[in-house]
Amino acid sequence: MRTLRWLIPLCGALIAPSVLAADPLSLPAITMTTGANGQQEYSVSLQILAIMTALSFIPAFVMLMTSFTRIIIVFSILRQALGLQQTPSNQLLTGMALFLTMFIMAPVFDRVNNDALQPYLAERMSAQDALARAEVPVKDFMLAQTRQSDLDLFMRLSRRTDIASPDQAPLSILVPAFVTSELKTAFQIGFMIFIPFLIIDLVVASVLMAMGMMMLSPLIISLPFKIMLFVLVDGWALIIGTLAGSFGGV
């Protein structure tokens, strides 16, 4: 919860000022006008519009620039491997992925808070400098999880020849390369998760066929065994621990 206290102010303080005028007094959030009959009318200025527009990018930031993508895909593949259609529900999986993302990204958010947000709130740094400082930890995290082949692919597609090293890659190149690497890693983890449950399905199907019970669905018989195996090996702890460890203790 310590991360939640400044995560929303971070997005509002760092993103919104970059699209506003340099003098905040010249663009008030709410203006008041007095009509001919003495009634006062209030109107919301472009500042609120800019802030709300910036807030609309928060879901994209969470999904594409953090560990959320890998986690939610692995959770979805796990549910499919178990043979469960709606258990756990999508809301529960998304909530688990979101809080696990906050846990994994906490060191990155702490760096952003200490290096960019707090100096900006203390008026020791301009909005543009704060944004530049805030990009550094996020880019370091994404570069650590991005394969060089994926980064080279998007650098080649962008036809940029002025980038000498990966840390100089802009977010327009780094973000799609990072997402591509996350998708590949998530499917690799999902493949390893699928194997033991697939073996159980094959064994149950072979036994039923040998007994002549071909009309009975193997999924009905294998589902309890898969759930029992997952519980006995403490599957949730293994999956969550593997996911957290796959980011290299960021």
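Colleague: Is Asp 234 buried, exposed or partly exposed?

Modeller: Bear in mind that this is a predicted model. Asp 234 lies in the loop between H9 and helix H10 (235-245), and its phi is positive, about 55 degrees, although it is not a glycine. Buried would need under 20% relative accessible area and exposed over 50%. Asp 234 has 46% relative accessibility, so it counts as partly exposed.

Colleague: And Val 175, is that one buried or exposed?

Modeller: Val 175 is found in helix H8. Leaving aside neighbours within four places in sequence, it is in contact with Leu 64, Met 65 and Met 142. The cut-off for buried is under 20% relative accessible area. With 16% relative accessibility, Val 175 therefore counts as buried.

Colleague: How far apart in space are Val 175 and Thr 146, C-alpha to C-alpha?

Modeller: Along the sequence, Val 175 and Thr 146 are 29 residues apart. In space, the distance from C-alpha to C-alpha is 9.2 Å.

Colleague: What share of the contacts with a separation of 6 or more comes from residues 24 or more positions apart?

Modeller: For some background, buried residues make up 35% of the 250 residues. The protein exposes about 14,700 Å², with 68% of that supplied by carbon and sulfur atoms. As for contacts with a separation of 6 or more, the share from residues 24 or more positions apart is 67%.

Colleague: Now the packing. How are H8 and H9 oriented to each other?

Modeller: Two packed helices are described by the angle between their axes and the distance between the axes. For helix H8 (residues 171-210) and helix H9 (residues 218-232), the axes come within 9 Å and cross at roughly 140 degrees. Over 145 degrees would count as roughly antiparallel. H8 and H9 are therefore oblique.

Colleague: How many nonpolar residues does the contact of H8 with H9 have?

Modeller: The crossing of H8 and H9 is right-handed. On the H8 side the contact includes Phe 197, Ile 200 and Val 204, and on the H9 side Leu 219, Phe 225 and Phe 230 are among the residues. By class there are two charged residues, one polar, and the nonpolar count is 11.

Colleague: What about H4 and H9, how many charged residues are in their contact?

Modeller: The axes of helix H4 (residues 68-82) and H9 come within 9 Å and cross at roughly 135 degrees, which makes H4 oblique to H9. Leu 78, Ala 81 and Leu 82 in H4 meet Leu 223, Lys 226 and Phe 230 in H9. Five residues of this contact are nonpolar and no residue is polar, while the charged count is one.

Colleague: Last pair: how many charged residues does the contact of H6 with H8 have?

Modeller: Helix H6 (residues 127-145) and H8 pack at about 40 degrees with their axes 9 Å apart, so H6 is oblique to H8. Their crossing is left-handed. The contact includes Glu 135, Lys 139 and Met 142 of H6, along with Val 175, Phe 178 and Glu 182 of H8. By class it has seven nonpolar and two polar residues, and the charged ones number three.

Conventions. Residues numbered from 1 in each chain as written. Predicted model: local features only at pLDDT ≥ 70, side-chain atom pairs only at ≥ 80, totals over all residues. Heavy atoms only, no water. Buried < 20%, exposed > 50% of the residue type's maximum accessible area, 1.4 Å probe, protein only. Contact = heavy atoms within 4.5 Å. Areas by Shrake-Rupley, 256 points an atom, 1.4 Å probe, with all protein chains shown as cover. Axes fitted to C-alpha atoms, helices over the stretch in contact; angles between N-to-C directions. Helix = DSSP H or I, 4+ residues; strand = E, 2+ residues; numbered from the N terminus. Parallel < 35°, antiparallel > 145°, perpendicular 65-115°, else oblique. Left-handed = near helix turned anticlockwise from the far one by under 90°. Nonpolar A, V, L, I, M, F, W, Y, C, P; charged D, E, K, R; others polar.
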